[in-house]
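These are my notebook entries on a single protein chain. I set down what I looked up, in the order in which I looked it up.

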Amino acid sequence: MNGFSVEASPKPIPSCPLCQIRKESGRKEDSLKELFIEKLKDLYSAETQLVKALPKMAKAATNSDLRAGFEEHLKQTEGHVGRLEKIMKSLDESPKGKKCKGMEGLIKEGAELIEEDPGDEELDAGLISAAQRVEHYEMAGYGCVATYAKLLGEDQAETLLRQTLDEEKETDKKLTQLAQHINVEAMNSEGTEAATSQMKSRAARA
Ligand SMILES: [Fe+2]
């Protein structure tokens, strides 16, 4: 030991460039951690809002596969809430205290669609569109926080966040598969409705 170990030094030395770099990187790490916690709270709010909205979406869906998909994703979403609670506990933080306005808006749009009460196929196609918007919003959110966790060395949090991210991606894929035939049914039903109204107006003119 030469008695001049910087690592062992209790106080940063103002004239020491290494101490300044450490101080600056410490500040950056602190602000990234704040952002990490803020975004985790935002996701917690998003997921808890979704836990309330998914049963309504499942109830509104007329296609049985779509309904089953929403019910399955509800169980997954409850798991996502649980993971976020676990991460926040490990960080000694509360998951509550923030309202995710983005998710609030997306859910509101879905609720408006249900209230409009379109035909069955149009409703299902619209519900898929609303659900995919939700999934993409969540995928963006989880992608960010997983990266923050990696940078901060929060390995367990990163693993849990990536598990949720993978499940959101999987749900999005399933919705795309369902959309392939439900959107076609909606298109065909629109065609049938248009033909029926055309026939009615012709009959009225005759
Ligand atoms: Fe989720």
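The entries below go from the overall fold to single residues.

**Entry 1. The model and its fold**

I noted at the outset that this is a predicted model. I then looked up the secondary structure and found five helices and zero strands. Read along the sequence, the pattern is α-α-α-α-α.

**Entry 2. Helix α1 against helix α2**

How do the axes of α1 and α2 cross? I found that the two axes come within 9 Å and cross at roughly 155°. An angle over 145 degrees counts as roughly antiparallel, and α1 and α2 are therefore roughly antiparallel to each other. The crossing of α1 with α2 is left-handed.

**Entry 3. Helix α1 against helix α4**

I next looked up helix α1, residues 17-60, with helix α4, residues 120-152. Their axes come within 10 Å, and the crossing angle is roughly 160°. By the cut-off used in the previous entry, α1 and α4 are therefore roughly antiparallel to each other. Their crossing is left-handed. I also recorded which kinds of residue make up this contact: 20 are nonpolar, one is polar and five are charged.

**Entry 4. The length of α4 and what follows it**

**Entry 5. The nonpolar core**

I looked up the largest nonpolar core and found that it has 37 residues. The residues with the most contacts inside this core are L40, M57, L127 and I128. I then asked which helices supply it: α1, α2 (64-90), α3 (101-116), α4 and α5 (155-205) each give at least two residues. Helix α1 gives the most, with eleven residues. As background, I wrote down that nonpolar side chains tend to be buried together in soluble globular proteins.

I turned to A53, which is found in helix α1. It has 23 C-beta neighbours inside 10 Å, and a residue needs 20 or more to be buried, so A53 counts as buried. A53 and I107 are 54 residues apart in sequence, yet their C-alpha atoms are 6.9 Å apart in space.

I then looked up A61, whose place is in the loop between α1 and α2. Is A61 buried or exposed? With 24 other C-beta atoms within 10 Å, A61 is buried. In sequence A61 and D120 are 59 residues apart, while in space they are 7.9 Å apart, C-alpha to C-alpha.

Y137 has its place in helix α4. I found 17 C-beta neighbours inside 10 Å, and Y137 therefore counts as partly exposed. Y137 and E168 are 31 residues apart in sequence and 9.8 Å apart in space, C-alpha to C-alpha.

T147 is also placed in helix α4. It has 13 C-beta neighbours inside 10 Å, so T147 counts as partly exposed. T147 and L161 are 14 residues apart in sequence, and their C-alpha atoms are 9.4 Å apart in space.

D92 lies in the loop between α2 and α3. Its phi is near 60°, a positive value in a residue other than glycine. I found 6 C-beta neighbours inside 10 Å, and D92 therefore counts as exposed.

D117 lies in the loop between α3 and α4. Although D117 is not a glycine, it has a positive phi of about 55°. Where 12 or fewer C-beta neighbours make a residue exposed, D117 has 9 inside 10 Å, so it counts as exposed.

How values were computed: Residues are numbered from 1 along each chain as its sequence is written. This is a predicted model: local features need pLDDT of at least 70, side-chain atom pairs count only at pLDDT 80 or more; totals for chains, interfaces and linings use all residues. Axes are lines fitted to C-alpha atoms, for helices over the stretch in contact, and angles run from 0 to 180 degrees between N-to-C directions. Helices (H or I, at least four residues) and strands (E, at least two) are DSSP runs, numbered from the N terminus. Angles under 35 degrees count as roughly parallel, over 145 as roughly antiparallel, 65 to 115 as roughly perpendicular and the rest as oblique. A crossing is left-handed if the near helix is turned anticlockwise from the far one by less than a right angle, and right-handed if clockwise. Ala, Val, Leu, Ile, Met, Phe, Trp, Tyr, Cys and Pro count as nonpolar, Asp, Glu, Lys and Arg as charged, and the others, Gly among them, as polar. A nonpolar core is a set of buried Ala, Val, Leu, Ile, Met, Phe, Trp, Tyr and Cys residues joined through C-beta atoms within 7 Å.
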